[in-house]
Structure formats: structure tokens, C-alpha cells
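Welcome! Here is a short briefing to read alongside the sequence and the 3D view.

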2 protein chains.
Amino acid sequence: MLNKLYVALIHYPIVGKDDSIISTAVTNLDIHDISRSCRTYNIKKFFMVSNLSAQREIVKRVFRYWKEGFGKKHNPNRNDALSIAEIRKYLEDVIEEITEIEGKRPKLVFTSAKPREKEISFDEMKKVIREETAPILILYGTGWGMPEEIREICDYDLDPIRGKAEFNHLSVRAAVAISLDRLIGEETI
Amino acid sequence: MLNKLYVALIHYPIVGKDDSIISTAVTNLDIHDISRSCRTYNIKKFFMVSNLSAQREIVKRVFRYWKEGFGKKHNPNRNDALSIAEIRKYLEDVIEEITEIEGKRPKLVFTSAKPREKEISFDEMKKVIREETAPILILYGTGWGMPEEIREICDYDLDPIRGKAEFNHLSVRAAVAISLDRLIGEETI
């Protein structure tokens with residue numbers, strides 16, 4: 001169902017340049033861009049996930065500026081966009097929270113720019129999103145992507161965007177925007 | 001033709017919050033995100049346009065870091081993405097340069113989140129892009145958008161993305177990504 005879609009941006013656990021598991025730093029424009037994209041495509045909540053309390057505090061400061069501070073008055077659209085954004089410690093917390101809101105555990109969708117086995121196409125996923133009665137949580141990685149341990153608990157493994165192109169190094173902000181547009185398009189709820 | 005597509009991000013002339021004409025500041029992530037999106041969709045060149053020499057100097061410094069400095073070694077993909085990025089003073093300079101490269105003046109495409117008269121749909125524009133023999137330059141605004149004086153010299157006026165949605169305040173980075181995906185999709189040249 002289009003009215004039970006959730007997005008999470010994972011900062012931990014993440015694969016680092018040398019294949020170890022790391023926490024990535026939050027990027028200010030991730031907060032804004034992905035909130036604005038999610039709000040435009042009627043995503044119910046956009047969760048940022050970081051296990052580092054200092055990072056969560058930075059995100060909360062940005063939230064405060066735009067939700068309560070000068071930013072709210074200066075640019076009300078930002079306030080509106082950020083109204084769906086949250087920061088949580090672990091992916092498990094996000095899954096629990098969605099389960100509480102919807103009364104049903106969300107189906108998880110893995111995304112990556114790397115080709116994997118058993119991918120679901122955007123067209124098939126588009127259908128699933130419209131037919132599935134459980135909430136759906138689409139996961140996006142930062143750094144060098146999400147580790148196998150996350151992929152293994154996911155119900156769907158979404159096709160890379162332009163996986164056959166000679167160069168497909170989109171920013172996560174662009175990847176979220178494009179995939180939400182491919183899955184939801186002009187449809188409103 | 002898919003191999004004669006150009007993108008420009010306009011920082012002047014731009015509409016300001018109070019409807020006056022302003023120069024906007026360059027955003028570091030615009031340089032990276034839009035270069036990466038353009039490179040992924042085989043855009044021939046991505047031009048940033050700013051009439052302010054201090055702003056152009058900042059962009060050139062970012063270019064130098066990733067094209068020649070430490071960044072080149074640290075992350076070769078960024079170097080590759082930025083290989084198609086340029087900074088120019090005026091839109092006229094960009095049009096002249098493309099005319100020189102292609103031997104034909106580019107057709108200009110206007111984009112905006114606001115609904116206008118005489119818009120061309122993404123499906124129609126997709127066809128034009130494949131059939132047109134002249135190069136095509138797609139223009140994106142910053143700030144509160146591009147002024148009428150630019151719209152008037154454009155050949156096409158592209159539909160807003162989710163123009164009918166209750167909220168459609170995408171970042172320009174997201175708007176570029178989504179519109180290139182809608183117009184080009186998975187097709188490679």
C-alpha cells in the first residue's frame with residue numbers, strides 16, 4: 001500500500017573502504033534532500049539510523065533549527081519536509097517502531113548499486129508496493145554500502161539503478177530520489 | 001540523440017525570495033551529486049553557471065582537489081564524475097561552447113517545480129531527445145528558480161515532477177536525478 005511506505009538511511013552498520021564495519025558520519029544535505037524527496041513521494045516516515053550519540057545529537061540540532069528555530073519561519077517548506085524525519089539508534093528500533101504504528105512488522109527492501117543474485121525489478125517491486133498489506137521499509141546505505149548481515153534479513157533485494165551502465169556511482173540522495181520516483185511516480189494517496 | 005545531451009545548473013540570473021534577480025551561492029554537494037548523476041546517465045557535459053568570479057574560483061578549487069589533488073587518489077570515481085563538469089560565467093557562454101562542439105546550436109529545455117502553460121510531458125520530451133539531431137541543453141535553477149527571461153528563450157518547457165502532489169519541494173539534486181532517469185532511464189549509448 002502506498003500509504004505504508006517507510007525509508008531508512010543507515011549509518012551503522014556500514015561497509016567501509018577496507019571492508020570492515022564502520023559508522024559513517026551524517027551529511028547535513030542527506031537530512032534535507034532525503035526528507036524533501038520522501039515528503040514529496042508521501043513516505044510516512046524517514047528514519048536516519050546512527051549508533052553514535054554525538055551524531056544523533058547533530059541531527060537533532062538540525063531538526064530543532066528547522067522545526068522550532070529561525071529556519072521554521074525562514075523556510076516553512078523545510079519544516080514541513082522534516083516533519084517526517086526521525087533519528088534512531090539501530091535498525092531494530094525502526095522496525096519495532098513501524099510494527100507498533102502499523103500493527104504489522106514491515107517487509108524490508110535492500111538497495112545497492114552492486115549487482116546481486118535474486119534481485120527484484122523495479123516493475124515487480126512497484127506491484128508489490130501496491131498489493132502488500134504489511135508496511136514496507138526501504139533501506140539505503142551510506143559509505144560503501146550496507147553489509148550482508150542486513151541483506152540477509154531483507155525480504156526484497158532491489159535491482160541497482162543503471163546497473164549495466166559503465167559508471168553508476170550515484171549519490172545516495174540521487175538514488176533515493178530516483179528509486180522513489182520509479183516505485184511511486186506521479187501517483188498520490 | 002542520447003549522445004548530445006548537456007545539463008546546466010544556473011546560479012545567475014536566479015529569482016530570489018523577494019522576486020528580485022540574484023546570484024545564488026554554489027553548494028559543494030551540487031558539484032558532486034549532479035556530476036555523478038550526469039556521468040551515470042551519459043550526459044556529455046555538466047556546466048555550472050555563475051557570474052561571480054569568487055564563486056567560480058571555489059568551484060575550480062573543488063575541481064582541482066578531485067581532479068589533480070589528494071581526492072583523485074582517494075576516490076577515483078569522483079575524479080571520473082567531475083571529468084564532465086565545468087564552470088562558466090554566463091548561460092550564453094555555455095550555449096556558444098556547445099554550438100562549437102556540436103556544430104549546431106542546442107535546443108534549450110526549461111525546468112521548474114511550478115506549473116506553467118504549454119508544458120511538454122516527460123514522455124514527449126523522451127521522444128524529442130531521441131529524435132532531435134541538434135544537441136539538447138537541459139537547464140536547472142537554484143534559489144527560487146530561473147526567471148522568465150530564461151524561460152522565454154527556451155524551446156521546451158518541461159512538466160514539473162509531481163506537480164499535482166500536495167508537496168513538491170524536491171532539492172535541485174533530486175530533481176536533476178529524477179528527470180534524467182525519466183528521460184533516459186536504463187538506456188545506454
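Predicted model: local features only at pLDDT ≥ 70, side-chain atom pairs only at ≥ 80, totals over all residues.

A residue is called buried when its relative accessible area is under 20%, exposed when it is over 50%, and partly exposed in between.

**Chain A as a whole**

- How many helices and strands does chain A have? There are eight helices and eight strands in chain A.
- The C-alpha trace of chain A spans about 45 × 40 × 35 Å along its principal axes.
- A compact globule of 189 residues would have a radius of gyration near 16 Å, and chain A agrees because its own value is 16 Å.
- Take the contacts in chain A between residues at least 6 apart in sequence: 78% of these join residues at least 24 apart.

**The annotated domain**

- An unreviewed UniProt entry lists residues 4–185 of chain A as "domain: tRNA (guanine-N(1)-)-methyltransferase C-terminal".
- Helix makes up 45% of residues 4–185 of chain A, and strand makes up 17%.
- The end C-alpha atoms of this span, residues 4–185 of chain A, are 16 Å apart.

**Surface and charge**

- Chain A exposes about 8,600 Å², and carbon and sulfur atoms supply 48% of that area.

- A:Arg39 sits in helix α1, which covers residues 28–40 of chain A.
- Is A:Arg39 buried or exposed? A:Arg39 counts as buried because its relative accessibility is 11%, and the cut-off for buried is under 20%.
- Not counting residues up to four places away in sequence, A:Arg39 touches A:Asp80, A:Ala81 and A:Ile84 as well as B:Glu166 and B:Phe167.
- A:Arg78 belongs to helix α4, residues 76–82 of chain A.
- With a relative accessible area of 21%, A:Arg78 is partly exposed.
- Which residues does A:Arg78 contact, leaving aside neighbours within four places in sequence? They are A:His32, A:Arg36 and A:Trp66.
- A:Arg78 and A:Lys67 are 11 residues apart along the chain, and their C-alpha atoms are separated by 8.1 Å.

**Backbone points to look for**

- As background, most peptide bonds are trans, and most residues other than glycine have a negative phi.
- In chain A, the peptide bond from A:Tyr12 to A:Pro13 is cis, with omega near -5°.
- A:Pro13 is found in the loop between β1 (5–10) and β2 (14–15) of chain A.
- Chain B has a cis peptide bond from B:Tyr12 to B:Pro13, with omega near -5°.
- B:Pro13 occupies the loop between β1 (5–10) and β2 (14–15) of chain B.
- A:Lys118 is not a glycine, yet its phi is positive, near 55°.
- You can find A:Lys118 in the loop between β6 (107–110) and α6 (122–131) of chain A, and A:Lys118 is exposed, with a relative accessible area of 78%.
- B:Asp19 also has a positive phi, about 75°, although it is not a glycine.
- Where is B:Asp19? B:Asp19 lies in the loop between β2 and β3 (21–22) of chain B, and B:Asp19 counts as exposed at 64% relative accessibility.

Note on methods: Residues numbered from 1 in each chain as written. Chains lettered and ligands numbered in written order. Heavy atoms only, no water. UniProt positions renumbered as here; feature names shortened; annotations may be inferred. Helix = DSSP H or I, 4+ residues; strand = E, 2+ residues; numbered from the N terminus. Rg over C-alpha atoms; globule rule 2.2 N^0.38 Å. Contact = heavy atoms within 4.5 Å. Areas by Shrake-Rupley, 256 points an atom, 1.4 Å probe, with all protein chains shown as cover. Buried < 20%, exposed > 50% of the residue type's maximum accessible area, 1.4 Å probe, protein only.
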